[in-house]
Amino acid sequence: MTTSTLAPTQSAAAAGVQRSHARWTVLAVLFCITVINYADRATISLAGPSITKDLGLSPVAMGYVFSAFGWAYVAAQLPGGWLLDKFGSKRVYAWSIGLWSAFTLMQGAVGFLTGLTAIVVLFALRFTVGAAEAPSFPANSRIVAAWFPSNERGTASAIFNSAQYAAQVFFGPIMGWVVHTFGWHHVFTLMGVLGLCFVLVWNRFVHDPKKHPGANAEEIAYIEAGGALTNMDNAASADASQPKLHYIKQLLSHRMMLGIYIGQYCINAMTYFFITWFPVYLVQQRHMSILKAGLVASIPAICGFLGGVLGGFFSDWLIKRGHSLTLARKLPIVLGMTLSMVMVACNYTDSQVLVITLMALSFFGKGLGSLGWAVNSDTAPKKIAGLSGGLLNTCGNLSSITTPIAIGYILQATGSFNGALVYVGAHALVAALCFLVVVQKIHRVELKD
């Protein structure tokens, strides 16, 4: 079977036909929209100190506002995954981008409200942004599974996942300047308009593998030979007429998947510290201006981005060198999570330079170990790839609720971020232990009907 699949590529090579590289164009678009996705999530963190001052919010109240996104994002994961399996990635993702951008734009109007009304409207709009963004990462995972062979999947997943750091690098300084110069509500206007414009880019450049005008037969043969699920969306509507919720029980009772879900929760706890409380930490505990915090926060973000891309390349390099998929995915995760724990050392220094250095090392490690979506592409059952990704994102993003609120309570009780850094660092330890002890051999799950 392998020989017949590779035949078009081999004959094309003999005839001098070059294999196209449309999959990398699709990945570039995924990267860009995920940068915007995370920048929209992070708007509230950079605006946070000004919002706290203008609206008179306590740390606990601000923690709940930060968490508003997470409540809806988590609740909408499984419905979002089912929609992806039912209607396909391109159509659902386009609607997702348009809706979350519109709701982000509306948050700019909160600046014209006051008191409790402003707080309620801000919470409600953050909630709707979370619901609209729910299909995004399961869709990313589905698209990577459809477009990339297994020996490129770690790199592809790491690239789109590293966009969370690129968002801070590209937009952190810009948003900090906008907040400093024009006021906090204008940052929402900027990001909302940008997202709405990007819907046009999405519809222009993203297509299913066999319908993409830039993908030739040689590229399709190559990715199919490597295990790409090129017919995923063609079979989506036929196989997903009803949400097959009994499959969720099978996934949750599977030891490997359970370990992956817990690990993803812990890894995301670090993500949500970074995109919610980290700028506040720099302003309140390290006494930086909001403008400086926006610039300084980009340094750990750059390191997280580099770590993320390196983790994917390293994982795929191990596969190409003949190592098992299990070792190739686990090793970067465990090494990265171990390095992430150095953030706790920030509690023992007053040097701003050393704090940023330690945070940069920590987020480099976090990026190195952020291979959860590559593992999902390797393990998700073929006929419920969207639902499986939704379940991973549900479990992983419970931390988008718990982390902002827990840190708010720690701050209110202690008046310091020291306990918060210990809280986040402990999650890195648990993530490493999950992949070392709970997750055993990594393989694609076969479902029982």
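**The core and its surroundings**

Author: This is a predicted model, and in its largest nonpolar core, which has 121 residues, the members that touch the most other members are Tyr 93, Trp 202, Phe 273, Trp 277, Tyr 281, Leu 282 and Met 359.

Reader: Which helix gives the most to this core?

Author: Helix α14, covering residues 255-284, gives the most, with 16 residues.

Reader: And what does Met 359 touch, not counting residues up to four places away in sequence?

Author: With those neighbours left out, Met 359 touches Phe 273, Phe 278, Tyr 281, Pro 300, Met 343, Cys 346 and Leu 421.

Reader: How many disulfides does the count come to?

Author: The count comes to 0 disulfides, where a pair of cysteine sulfur atoms would have to lie within 2.5 Å to qualify.

Reader: Switching to charges: how many salt bridges are there?

Author: The count comes to 6 salt bridges, and one of them pairs Arg 23 with Glu 219, whose closest N and O atoms are 3.0 Å apart. Arg 23 belongs to helix α2 (residues 22-55) and Glu 219 to helix α11 (residues 217-225), so this pair ties together parts that are 196 residues apart in sequence.

Reader: Are those two side chains buried or exposed?

Author: Arg 23 counts as buried because its relative accessibility is 2%, and Glu 219 counts as buried because its relative accessibility is 0%; the cut-off for buried is under 20%.

Reader: Fine, and what does Asp 378 form a salt bridge with?

Author: Asp 378 forms a salt bridge with Arg 153, the closest N and O atoms being 3.6 Å apart. This pair links distant parts of the chain, since Asp 378 sits in helix α19 (residues 372-379) and Arg 153 in helix α8 (residues 150-161), 225 residues apart. Both Asp 378 and Arg 153 are buried.

Reader: Where do Arg 329 and Asp 316 lie?

Author: Arg 329 is in helix α17 (residues 325-340) and Asp 316 in helix α16 (residues 298-320), 13 residues apart. Their side chains meet in a salt bridge at 3.3 Å, N to O, and Arg 329 and Asp 316 are buried. Salt bridges with shared partners join Arg 153, Asp 316, Arg 329 and Asp 378 into one network.

Reader: Last one, on the whole chain: how many helices and strands does the chain have?

Author: The chain has 22 helices and 0 strands, and buried residues make up 59% of its 449 residues. Among the contacts in the chain with a separation of 6 or more, 84% are accounted for by residues 24 or more positions apart.

Note on methods
Residues are numbered from 1 along each chain as its sequence is written. This is a predicted model: local features need pLDDT of at least 70, side-chain atom pairs count only at pLDDT 80 or more; totals for chains, interfaces and linings use all residues. Side-chain values use heavy atoms; hydrogens and water are left out. A salt bridge is a side-chain nitrogen of Lys or Arg within 4 Å of a carboxyl oxygen of Asp or Glu. Helices (H or I, at least four residues) and strands (E, at least two) are DSSP runs, numbered from the N terminus. Buried means under 20% relative accessible area, exposed over 50%, partly exposed in between (1.4 Å probe, protein chains only). Contact means heavy atoms within 4.5 Å. A nonpolar core is a set of buried Ala, Val, Leu, Ile, Met, Phe, Trp, Tyr and Cys residues joined through side-chain atoms within 4.5 Å.
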